[in-house]
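Today I want to look up pockets, cavities and a couple of helix pairs.

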Amino acid sequence: MSVGPLPVLWLYGPPGVGKTTVSWELFTQLSLAGVPTGYVDIDQLGMCYATPTSDEWAPEPASDPGRYLMKSRNLDAVVANFRAAGARCLVVSGVVDPARGVDDTLIPHAALTPCRLRAAPEVLRQRIATRGRPSDQVDEVLRYADALDRNDLPGVCIDSTGRSVADVVRLVRELTGGWPDLGMSTGVPTGAPADGAAETSSPYRGPVTDPGRILWLCGPTAVGKSTVGWQLYERASRAGFRTAFVDLDQIGFRRPVPAEDHGNHRLKADNLAAIWHNFRASGAHRLIVVGPVDRPESVRTYTSVLPAATLTLCRLHASRAQLAERIMLRAEGLVSTWGLAGDDLRGRSGTLLRRIVDDATADAEALESAAIGDLRVDTDGRAVQDIAQEILLRTGWAAPEARS
């Protein structure tokens, strides 16, 4: 049975316009309606910069400013994997080249529908100030927004000024002709279970033979995987190692989760292998990965598609009291996850937060019992820098001779 390209909706626009929020809401609505749907933030496919200089620790590659080519190639890879894994459509959010937009010739596995979100300059200024991300530069954001307005790139344009998220999502569906048009991709009838398409072949599935060193941080919710992982990423980059960064959750959003792929680990592993292949082609030698894993067979799912890489699994551990404190700090907005999709605990009810604490504690105990990981690092009462330093020393990543 022939399989066509995957319907992909790419919501783009300047930072602060609401791309992630609107995209996540659309993804949630479609998946709750029973449509096997994927989601990816395009920024998560390009965490690989050029060699550090005396002025910048993470400069843009001279041959690919903005890393638009890298992101597009990685997007094509994950589109193929989402399609092969049974997804019927994929929602993408993120910035595009303001002069050229999206080059769909670089994403042949997608039936692409671009949709631009915009907002009045004063609204963008206010939103950026409210979210308080250190990477946001107001003047730069406004210049980017102005360039998008001037260049009038293809696709519908929706102004989010004064509109609720629900209103913007409704307009996106209406102005894109009721996206997704599930009839455009043959092979799986609407409503069929995901496993009906799970055997579809993809050029981006299976083992890759790229070497290099991969350090994977795992552990329960709120143990500090992302915070410590980013610290390690910065340290490795500043030390002169071409290093990349991947958050497994952010490359494996597929709902409903099919019974045959517990935790979406098969999809995440295939996407990780494909992305690592492209990062290696761009010159990266090392990769920091953060993401949960709960059983030895899931670990083997990843090692099986990365046979040539040296993969070290580091498990971060914390007590129930420490996990509860960190979860509550995130819920109160005192610890930020910088707007990562699906990872915001703010505004959650006390009952739900207590359940999250219970689940995180149970996960920590299960990981401890199974002795998951090549090394275990306790994080209770310790600074991020101290934890990162221990990991660097115990894994040998701090040694100059370890460049590979």
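Predicted model: local features only at pLDDT ≥ 70, side-chain atom pairs only at ≥ 80, totals over all residues.

**Entry 1: the pocket.** I started with the second largest pocket and asked which element gives the largest share of its lining. That is helix α2 (residues 68–84), with 4 residues. For the volume I got about 240 Å³. Sorted by class, the lining has 9 nonpolar, 5 charged and 2 polar residues.

**Entry 2: cavities.** How many cavities of 30 Å³ or more does a search of the whole structure find? It finds 2. I picked the second largest cavity, which has a volume of about 40 Å³. Its lining includes Tyr49, Ala50, Pro52, Trp57 and Ala58. Also on the list are Tyr233, Ser237, Phe241, Arg242 and Thr243.

**Entry 3: α7 and α8.** On to helix packing. Two packed helices are described by the angle between their axes and the distance between the axes, so I looked up both. Helix α7 (residues 265–281) and helix α8 (residues 296–305) have axes that come within 9 Å and cross at roughly 25°. Because that angle is under 35 degrees, α7 counts as roughly parallel to α8. I logged the crossing of α7 past α8 as right-handed. Who meets whom? From α7 I have His265, Arg266, Lys268, Ala269, Asp270, Leu272 and Ala273, and they meet Ser298, Thr301, Tyr302, Ser304 and Val305 in α8. The residues of this contact divide into 5 nonpolar, 4 polar and 3 charged.

**Entry 4: α9 and α10.** The axes of helix α9 (residues 320–331) and helix α10 (residues 350–370) come within 9 Å, crossing at roughly 140°. Is α9 parallel or oblique to α10? That angle makes α9 oblique to α10, since only angles over 145 count as roughly antiparallel. α9 passes α10 in a right-handed crossing. On the α9 side I listed Arg320, Leu323, Ala324, Ile327, Met328 and Ala331. They meet Leu353, Ile356, Val357, Asp358, Ala360, Thr361 and Ala364 in α10. I put the make-up of this contact down as 10 nonpolar, 2 charged and 1 polar.

Terms used: Residues numbered from 1 in each chain as written. Heavy atoms only, no water. Axes fitted to C-alpha atoms, helices over the stretch in contact; angles between N-to-C directions. Helix = DSSP H or I, 4+ residues; strand = E, 2+ residues; numbered from the N terminus. Parallel < 35°, antiparallel > 145°, perpendicular 65-115°, else oblique. Left-handed = near helix turned anticlockwise from the far one by under 90°. Contact = heavy atoms within 4.5 Å. Nonpolar A, V, L, I, M, F, W, Y, C, P; charged D, E, K, R; others polar. 1 Å grid on protein atoms, 1.4 Å probe; cavity = no way out; pocket = protein on both sides within 12 Å on 5 of 7 lines; lining within 4 Å. Points joined across faces, edges and corners; volume = space filled by probe spheres on them.
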